[in-house]
Amino acid sequence: MLKITNLVKRYGNGEPVLKDLDLMIEGESVVSIIGSSGAGKSTLLRCINRLVEPTSGSIELNGNELTKLKGRQLRTARRKIGMVFQGFNLVDRLTVMENVQSGRLGYISTWAAVTRSYPKEDIRRAFELMERVGIAHYANKRADELSGGERQRVGVVRALMQNPEILLADEPTASLDPKTSEQIMELLRNLAAELKLPVLINIHNVTEAKIYTDRIVGMRYGRIIFDDKPDALDKEAMDKIYSGNPQADRNQNMLETA
Amino acid sequence: MSTIAEKFGREDWARFTPKQRLQRYAVFAFSALTLGWAISSIDVIWPWVWDAPEQMADLFGRMYPPDARNLKTILSVLLETVNIATFATVLGVLLSLPVAYLAAQNTTPNRATLWLGRLILVTSRSVNTIIWALLFVAIFGPGVVAGILAIMFRSIGFIGKLLGEAIEEIDKRPVEALEATGASRFKVIVYAIVPQVIPTFWAVAILRWDINLRESTVLGLVGAGGIGIVLQGAIDTFNWPEAATVLLAIIALVVIGEFIAAFLRSRIL
């Protein structure tokens, strides 16, 4: 269970990007976050694994408070949070297997990592997952030889190798063509069900969000203004999520407080 | 209704405003004056310059035909030169790795180490190989050791600087991805940074070996080993035919080195 309470993120002295945000994710649901660019979707996701440092508030993953962790404790917590990126973020010059095994770096010894002598069970797990997503025959290919969809599959397998308790996906399909994009979304949904894994997906494609996820969270300028089943996302809700600008929202705040 | 041409048409346009043009002329005039002053201030003895073609012809006359009787010694010393360059490059490469790590903003542990790294790079680079050689000849006495150390010290700055810049220019996204998996700093470096700088590493190492080969041929002039000692000896004793042989040998070595470097580059990169 992921429980976010009163989360605030402010860069410098500017307007907060996340404003007192609360979000609860229970069970094995696939949740999508939609909202226009600059709504804070990416920042929210990155606060969870602390790639972005939250300003205040609390994030609990299965009872473990993440916002105060440092050093080794933070790394141990990060092992349990898988992340899939828009640009795949693979190491191009390494093989697919090395990229996949880099999801285990938090677990294996430094010596095993440097010499690439991965534990047998990790190799078996890697082949199982790669077979599952259809990239096992690429194990010895360099990552930059693969197509976009294949590269994102490597990204997904790398995240799953961590044996995560939650999977974060930051625009996982935004760099892909429509067909591949649907395949990846379907893969994420099915894997989530198979591995009983909650998944949190930032996505621009609302149609895909409606088809492939169990719950949609709509963000606008640092706030959650919609949180319901995909069916409940009607025209009115869409307009609310994708309208307005930061200035208008700020004026509204002042009215409310006044 | 007026046409677009009537409304907006105009045909006066200049790349620079009059003020900019004036500034440009001023800068040009100032540069020309500086250059003229520089030329007039250095003490050139013009008769010697006009005399040069005659002197050159005279020197060539004394060098020809090259004297190859000492070829065996020359070749063995030439091999020593190659060894100096190669050892110094290998050592320089090894030592420049930690320096590059310190001097790159995105890997260095803190500001103090960043400045330490940069200080090492600047020190190494601002001192010429020959001056390093003079220093090490004074410390270790004349010979190969001084030569190797001199070239190594100069190489550290060169390789460290280029490698450090390569580290700073890597794609940061894989780094972020591996940090997100909970990997330690060292593992992130090994998996996300090292693979990205390996091509630069080899390119720089080969280039430096190529440069070091040429630099090691002059080390002997200050007593730091290599072919330069033989050349110095020949010139000091006015043995111009042998000096000619040495010069030809050096040219051959540099050309061969160039070929080897090009071959390695094509194989590795």
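The structure is a predicted model, in which local features need pLDDT of at least 70 and side-chain atom pairs count only at pLDDT 80 or more, while totals for chains, interfaces and linings use all residues. Residues are numbered from 1 along each chain as its sequence is written, and chains are lettered from A and ligands numbered from 1 in the order in which they are written.

**Helix packing**

Two packed helices are described by the angle between their axes and the distance between the axes. Here helices (H or I, at least four residues) and strands (E, at least two) are DSSP runs numbered from the N terminus, and axes are lines fitted to C-alpha atoms, for helices over the stretch in contact, with angles from 0 to 180 degrees between N-to-C directions.

| Helix pair | Angle between axes | Axis distance |
|---|---|---|
| α4(B) and α9(B) | about 140° | 8 Å apart |
| α7(B) and α9(B) | about 150° | 9 Å apart |
| α6(A) and α7(A) | roughly 20° | within 10 Å |

Angles under 35 degrees count as roughly parallel, over 145 as roughly antiparallel, 65 to 115 as roughly perpendicular and the rest as oblique. Helix α4 (residues 71–103) of chain B packs at about 140° on helix α9 (residues 185–216) of chain B, which makes α4(B) oblique to α9(B).

The crossing of α7(B) with α9(B) is right-handed. In this contact, residues including Phe158(B) and Leu162(B) of α7(B) meet residues including Phe201(B) and Val204(B) of α9(B), and the classes are twelve nonpolar, five polar and two charged.

**A buried helix in chain A**

Helix α6 (residues 148–161) of chain A has 14 residues and reaches 20 Å from its first C-alpha to its last, close to the 20 Å expected at 1.5 Å a residue; the expected span is 1.5 Å times one less than the number of residues. Twelve of the 14 residues of α6(A) are buried, so α6(A) is largely enclosed by the rest of the structure. A residue is buried if 20 or more other C-beta atoms, placed from the backbone, lie within 10 Å of its own, exposed if 12 or fewer, and partly exposed in between. The cover over the buried residues of α6(A) includes β6 (81–84), α3 (96–101), α5 (120–133), β7 (166–170) and α7 (178–195) of chain A.

With α7(A), helix α6(A) is roughly parallel, because their axes cross at roughly 20°, and the crossing is right-handed. This contact involves residues including Val156(A) and Leu160(A) of α6(A), and Leu187(A) and Leu191(A) of α7(A). Its residues divide into seven nonpolar, five polar and no charged. After α6(A) comes Asn163(A), whose phi is positive, near 55°.

**Where the chains touch**

The contact takes 19 residues from chain B and 22 residues from chain A. On the side of chain B that touches chain A, α8 (172–180) and α9 of chain B each supply at least two residues, and α9(B) gives the most, with eight residues.

Helix α8 of chain B also holds Val175(B), which is buried, with 21 other C-beta atoms within 10 Å. Not counting residues up to four places away in sequence, Val175(B) touches Val188(B), Ala192(B) and Ile193(B).

**Backbone angles in loops**

A cis peptide bond, with omega about -5°, joins Tyr64(B) and Pro65(B), and Pro65(B) is found in the loop between α3 (46–63) and α4 of chain B. In chain A, Arg50(A) has a positive phi near 65° and counts as partly exposed, with 19 C-beta neighbours inside 10 Å. Tyr221(A) has a positive phi near 45° and counts as buried, with 23 C-beta neighbours inside 10 Å.

Key. Contact = placed C-beta atoms within 7 Å. Left-handed = near helix turned anticlockwise from the far one by under 90°. Nonpolar A, V, L, I, M, F, W, Y, C, P; charged D, E, K, R; others polar.
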